[in-house]
Amino acid sequence: MEKINYKKFILPVVVGIILWLITPIRPEGLSADAWHMFAIFVATIIGCITQPLPIGAVAMIGFTLTVLTGTVDIDPAVKGFGNSSIWLIAMAFFISRGFVKTGLGRRIALQFVKLFGKKTLGLGYSLVGVDLILAPATPSNTARAGGIMYPIINALSKSFGSKADDGTARKMGSFLIFTEFHGNLITAAMFLTAMAGNPLAQSLAQHEHIHITWMNWFLAALVPGIVSLIVVPFIIYKIYPPEIKETPDAKSWADNELKDMGHMHRDEKFMIGIFLVALILWVLGSVIDMNATLTAFIALSLLLLTGVLSWSDVLKETGAWNTLIWFSILVMMASQLNKLGFIPWLSMTIAGSLGGLSWPVVLVLLILFYFYSHYLFASSTAHVSAMYSALLGVAIATGAPPLFSALMIGFFGNLMASTTHYSSGPAPILYSSGYVSQKRWWLMNAGLAIVYFVIWLGLGSLWMKLIGVM
């Protein structure tokens, strides 16, 4: 039988019931259905955080209650499962499975170690470079960090005598683990298809009639992203230096690993070609009128036609199907909050309370709130689901440029993962390796947060103004 922690149901159920019962004294201007949807949504989000059941199961219960209570009819409720942005996430999960199954992701990582691994700092940059290459077609940053990067880092560290449990963590492993964590969240912010919450933000922005494309997201994130990938690993190297600075044996280690893998086989070559096709179509999508989700379907179809993936592989990709279900439900709920008038009401209420503050000040305050409230969340995607629409609505209501606001809040939907050891999928995987203590993890993240504000809010704003986003 499924093990269920019923105690973790207490908080979401109690909060949901309390919010439901105070419907008669709801704020003026809100319908009962809008308030009921808010109550169910809040209870569902809290359930996604406490997780008495897996997130997909929690979301399904929330979906059932939404329809059962008559808050939303069944037909508009199930339409959420047809959202193209959600299918983009699922398709890209399947594409990323090809990198793992064929071994191409591992081969790319080993080649980078071979080329740039003479110094430990170079190793850090090489691993970040691998993450950058894989990110556009890997919407699960957890899969990138856990399935491809962590096994390489772990094996590499141990080959240099750096282990998590014998006092040698600081030789190399600590630096590489923490550098990969930050490289992963930076690359997640750089591409629309690099983290599951990004297409969700794209979908929610459409409710405000803001059109985010793969290309305008990438162009806006390009300069702050590249600067972050250069600056952040160097800062980590300085504040958390590895004991081993030179790694002359890294090349020979990578050579041996590559020899064990043998020559690049047919499936890897097909994987490279199909990835490049998808990347080109994503980049040129707005020029040739090619929908990003259709591109992902094309890529998956090619993977099936060439035999790189089997239909059994697709069916076994539980992460994709799980994401498809619970994302669809949360998007449906967020859409209904907007349609029923709750999000517009909340946005105008908050905007009105901010008095005569200028929109740049308001946007900075919103992003600071968004970032630091992530200490309460164990999922970036759940956080995006809960707050993105409301914060974007407030920013626009105070006069902020719509596309600029949508993109900036979208970027920080990834960068806010640089807070805790439970902040997002990659965090517990890399933290649980034991190479970095919780105290060190939190302290270094607190300092690096300031770096992200300077680069993305400061330099990023100037860059986006230069390219005409604001």
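**Entry 1: H3 against H16**

I started with the contact between two helices: Ile-55, Gly-56, Ala-59, Met-60, Gly-62, Phe-63 and Thr-66 in H3 meet Asn-322, Ile-325, Trp-326, Ile-329, Met-332 and Met-333 in H16. Contact here means heavy atoms within 4.5 Å. By class I get nine nonpolar, four polar and no charged residues. For the classes, Ala, Val, Leu, Ile, Met, Phe, Trp, Tyr, Cys and Pro are nonpolar, Asp, Glu, Lys and Arg are charged, and the others, Gly among them, are polar.

A note on the source: this is a predicted model, where local features need pLDDT of at least 70 and side-chain atom pairs count only at pLDDT 80 or more, while totals for chains, interfaces and linings use all residues. Residues are numbered from 1 along each chain as its sequence is written, and side-chain values use heavy atoms, with hydrogens and water left out.

Next I checked the geometry. The axes of H3 (residues 55-68) and H16 come within 9 Å and cross at roughly 40°, which makes H3 oblique to H16. Axes are lines fitted to C-alpha atoms, for helices over the stretch in contact, with angles from 0 to 180 degrees between N-to-C directions. Under 35 degrees counts as roughly parallel, over 145 as roughly antiparallel, 65 to 115 as roughly perpendicular, and the rest as oblique. H3 passes H16 in a left-handed crossing (near helix turned anticlockwise from the far one by less than a right angle; right-handed if clockwise).

**Entry 2: H16 itself**

I looked up the span of H16 (residues 318-339): its 22 residues reach 31 Å from first C-alpha to last, close to the 32 Å expected at 1.5 Å a residue. That expected span is 1.5 Å times one less than the number of residues. Just after H16, I found Gly-341 with a positive phi of about 100°.

**Entry 3: H6 and its two partners**

I took H12 (residues 250-261) first. Its axis and that of H6 (residues 104-116) come within 8 Å and cross at roughly 150°, so H6 and H12 are roughly antiparallel. The crossing is left-handed. The H6 side includes Arg-106, Arg-107 and Lys-114, and the H12 side includes Lys-251, Asp-255 and Glu-257. I count seven nonpolar, one polar and six charged residues there.

Then H7 (residues 120-134): the axes of H6 and H7 come within 9 Å and cross at roughly 150°. H6 passes H7 in a right-handed crossing. Among the residues that meet are Phe-112 and Phe-116 in H6 and Leu-123 and Ile-133 in H7. This contact has ten nonpolar, four polar and no charged residues.

**Entry 4: whole chain**

Definitions and conventions
Helices (H or I, at least four residues) and strands (E, at least two) are DSSP runs, numbered from the N terminus.
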